[in-house]
Amino acid sequence: MKARLGGEEGKHKFVLKTPKGTRDYGPKQMAIRERVFIAIITCFKRHGAEVIDTPVFELKETLTGKYGEDSKLIYDLKDQGGELLSLRYDLTVPFARYLAMNKITNIKRYHIAKVYRRDNPAMTRGRYREFYQCDFDIAGQFDPMIPDAECLKIVHEILSDLQLGDFLIKVNDRRILDGMFAVCGVPDSKFRTICSSVDKLDKMPWEEVRSEMVGEKGLSPEAADRIGEYVQLHGGMDLIEQLLQDPKLSQNKLAKEGLGDMKLLFEYLTLFGIAGKVSFDLSLARGLDYYTGVIYEAVLLQQENDHGEESVSVGSVAGGGRYDGLVGMFDPKGRKVPCVGVSIGIERIFSILEHRMKASGEKVRTTETQVMVATPQKHLLSARLKLISELWDAGIKAEMMYRKDPKLLKQLQYCEDTGIPLVAIIGEQELRDGVVKLRDVATREEVRMSLQQVSEVFPKSSWSQKALGFPGAPLKSCIVDLADKCSFLLAL
């Protein structure tokens with residue numbers, strides 16, 4: 001056995017660590033993640049989405065040529081007997097392959113799964129090589145901007161529900177970008193690579209982006225300067241109207257189409273009551289090659305400081321757009337299925353919430369146990385086992401200690417440590433009287449009741465999710481919520 005493990009002399013060389021760009025998640029982290037997932041899935045279902053799943057790896061040719069300059073970040077797998085495979089880079093391309101393969105032309109779906117990117121990780125900011133994406137997409141032929149507006153409404157609902165702080169949803173349109181590049185004198189062959197440079201404006205100042213365009217990508221300084229005049233513009237309906245009157249853009253067919261749809265989009269967003277959180281931003285590019293129309297990205301804002309400086313972006317937490325040509329790339333006959341969707345940046349959101357929990361010292365419950373079954377005297381294991389079995393059969397989340405004769409103080413301390421709100425105590429006197437003593441751990445109030453009454457205290461609905469709240473209600477509020485539910489018993 002030692003020989004297989006490398007022997008005693010090799011022990012010092014073996015390091016227990018996770019691979020670069022990955023991490024483990026303990027119970028506290030998973031409790032926070034679970035609440036985030038619940039909030040996101042609840043929103044997706046509220047909008048009528050179905051759920052699908054696809055393989056974690058795809059044929060390499062399925063992923064090739066869909067991500068522009070980011071294609072170098074795809075993880076290729078070793079040849080496993082004839083098929084060249086790669087780990088999925090996102091959930092959008094596999095979704096398009098799924099639609100084409102199954103000849104589906106109309107679906108509203110969500111998909112939550114892990115994706116893989118050979119990126120330089122920045123784990124403190126929620127940037128990993130293995131991470132979850134939470135995608136919502138609408139596929140089908142519909143009237144302009146109605147599904148697109150719903151995707152933005154979903155982003156607004158989720159970010160508001162998660163209480164992450166102030167946020168802004170930036171929107172643009174690939175047609176407006178392409179029209180802008182054309183009127184600025186960018187050659188057609190450089191559209192995608194210049195678009196990739198513009199996409200860096202949220203991380204780099206304009207001077208550096210301009211230098212990359214001219215120095216590395218061979219764009220003329222004059223064309224770069226003209227682009228600079230446009231990409232620093234942002235606003236709302238007023239900016240759209242201004243650009244529709246722009247002598248150059250208004251003469252470009254693509255730009256005019258994009259601006260017309262953008263105006264329609266803002267009309268729908270106004271009806272949804274969210275236009276105030278959306279900014280038409282000409283610097284937004286999103287580097288993926290498959291976008292064909294409206295694109296958007298949600299960023300969290302850092303509030304203005306004492307010096308009166310305005311809010312600044314502290315990171316993207318959602319992004320998406322319209323990709324009408326992607327499914328047709330997989331269909332043998334080239335049949336297109338228009339699609340629009342959004343991806344929620346779960347890892348970034350989780351990093352923010354995890355940091356907030358640590359900073360506040362807030363206690364996080366890692367279980368949903370409703371009641372602890374305890375005994376105060378020795379030789380009562382059989383009574384405990386019988387009672388907890390009946391509670392489990394009634395759908396109640398219950399625990400007990402795995403000792404024959406545990407001390408009552410240890411059982412109560414376990415409840416305090418783990419946040420279990422109630423204890424069902426069954427001692428010799430309770431056995432004689434045919435009752436159970438239910439104790440509120442926080443207030444120490446006690447009430448004697450029959451087993452039937454105990455079951456009625458815990459309806460089978462998922463009250464615990466409400467009691468836990470979001471993002472992580474204090475233990476006190478869990479007990480208050482429970483006390484409300486069983487106040488009629490405490491009054492006995």
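1. Among contacts in the chain between residues at least 6 apart in sequence, 69% join residues at least 24 apart. Please keep in mind as you read that this is a predicted model. The chain has 492 residues, of which 48% count as buried, and its secondary structure comprises 20 helices and 16 strands.

2. Next, the aromatic rings. Searching the whole structure turns up 7 aromatic pairs. One of them joins F44 and F136 in a tilted arrangement, with 5.5 Å from centre to centre and 35° between the planes. F44 belongs to helix α2 (residues 27-46) and F136 to strand β5 (residues 130-139), so this pair ties together parts that are 92 residues apart in sequence. F44 is buried, at a relative accessible area of 0%, and F136 is buried too, with a value of 0%. Together with Y110, F44 and F136 form one aromatic cluster.

3. Helix α4 (residues 92-101) deserves a look of its own. Of its 10 residues, 8 are buried, so the helix is largely enclosed by the rest of the structure. The buried residues in α4 are T92, V93, P94, F95, A96, R97, L99 and A100. What covers them? The cover includes the strands β2 (57-59), β4 (107-116), β5 and β11 (339-344), along with the helices α3 (60-63) and α12 (326-330). Just after α4, K103 takes a positive phi of about 55°.

4. Now for helix packing. Two packed helices are described by the angle between their axes and the distance between the axes. For helix α6 (residues 174-183) and helix α9 (residues 221-231), the angle is about 145° and the axes are 9 Å apart. The crossing of α6 and α9 is right-handed. On the α6 side, M180, F181 and V183 take part, meeting R226, I227, Y230 and V231 of α9. By class, the residues of this contact are 6 nonpolar, no polar and 1 charged.

5. Helix α9 has another partner in α8 (residues 206-216). The axes of α8 and α9 come within 10 Å and cross at roughly 145°, and the crossing is right-handed. Here W206, R210, M213 and V214 of α8 meet P221, A224, D225, I227, G228 and V231 of α9. The contact of α8 with α9 counts 7 nonpolar, 1 polar and 2 charged residues.

6. Finally, a closer look at P221, which is located in helix α9. Is P221 buried or partly exposed? With a relative accessible area of 35%, P221 is partly exposed.

Notes:
Residues numbered from 1 in each chain as written. Predicted model: local features only at pLDDT ≥ 70, side-chain atom pairs only at ≥ 80, totals over all residues. Heavy atoms only, no water. Phe/Tyr/Trp six-rings, centres within 6.5 Å; stacked < 30°, edge-to-face > 60°. Helix = DSSP H or I, 4+ residues; strand = E, 2+ residues; numbered from the N terminus. Buried < 20%, exposed > 50% of the residue type's maximum accessible area, 1.4 Å probe, protein only. Axes fitted to C-alpha atoms, helices over the stretch in contact; angles between N-to-C directions. Left-handed = near helix turned anticlockwise from the far one by under 90°. Contact = heavy atoms within 4.5 Å. Nonpolar A, V, L, I, M, F, W, Y, C, P; charged D, E, K, R; others polar.
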